[in-house]
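Reader: I'd like to learn how to read helices in a model. Can you walk me through it?

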Amino acid sequence: MDTEQLTKLFQEQRILDDRILENHDLESKDLLKDKLLAFYVEVGELANETRCFKFWSFKPASKREIILEEYVDGVHFLLSIGLDLEFNDASQLIIKYTKKSRGSLTDHFHAVIESINRLREGTNQKNYQELYNEYLSLGIALGFSSNDIIDAYFKKNQINHKRQESSY
Ligand SMILES: O=c1ccn([C@H]2C[C@H](O)[C@@H](COP(=O)(O)OP(=O)(O)OP(=O)(O)O)O2)c(=O)[nH]1
């Protein structure tokens, strides 16, 4: 993902977040803790769809499209948290992005969860960058390209707007 694409994602995320805040009368509320918990939950839902940790079962993973949908729910919260903390300088994030190669999908999930925890304990740019790197590396490990992620993000973003229209 290049700087221009990431900047566009942050812009779209801000529009959605502002709409949600207005709709739910939350303009002056600090929602960081809730967003971090929401991110944990999304990561859990994503792990569930991949079934990567279900060593006791022969049931296959969900379809790629379902896994991608879950993944971009997490992208929404990743961006939203970056905006709240004002760590949304796309050029900085891209320059400092380093792909983390982990052994298994389970290792990737643990690394993301640990990064969310670290950001909660220390809300600084370095910890946000680490979380960004880990979540993008997880996406690569799941087999998603930047274009897959961007297209699926915009699709879910529209659904999120529709849900706000219908007083979801
Ligand atoms: O401030 C926010 C809050 C939420 N979202 C987005 C992220 C995600 O794409 C969606 C919430 O996830 P989901 O669609 O799973 O919502 P849910 O209420 O948990 O869905 P369901 O009732 O279907 O389980 O809303 C944002 O972008 N910004």
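This is a predicted model: local features need pLDDT of at least 70, side-chain atom pairs count only at pLDDT 80 or more; totals for chains, interfaces and linings use all residues.

Reader: Which residues of H1 are buried?

Author: An α-helix has 3.6 residues a turn, so residues three or four places apart point the same way. In H1, the buried ones are Leu6, Leu9 and Gln13 (buried: 20 or more other C-beta atoms within 10 Å of its own; exposed: 12 or fewer; C-beta atoms placed from the backbone). They cover an arc of only 55° around the axis, so they sit on the same side of H1. The arc is that of the directions from the helix axis to the C-beta atoms. Glu4, Ile15, Asp18 and Glu22 are exposed on the other side of H1.

Reader: What covers the buried residues of H1?

Author: The cover includes helix H3 (64-84), helix H4 (90-95) and helix H7 (146-165). Helices are DSSP runs (H or I, at least four residues), numbered from the N terminus.

Reader: At what angle do the axes of H2 and H5 cross?

Author: Roughly 175°, with the axes of H2 (residues 32-50) and H5 (residues 105-121) coming within 10 Å. Axes are lines fitted to C-alpha atoms, for helices over the stretch in contact, with angles from 0 to 180 degrees between N-to-C directions. H2 and H5 are therefore roughly antiparallel to each other (over 145 degrees).

Technical notes:
Residues are numbered from 1 along each chain as its sequence is written. Helices (H or I, at least four residues) and strands (E, at least two) are DSSP runs, numbered from the N terminus. Angles under 35 degrees count as roughly parallel, over 145 as roughly antiparallel, 65 to 115 as roughly perpendicular and the rest as oblique. Two residues are in contact if their C-beta atoms, placed from the backbone, lie within 7 Å.
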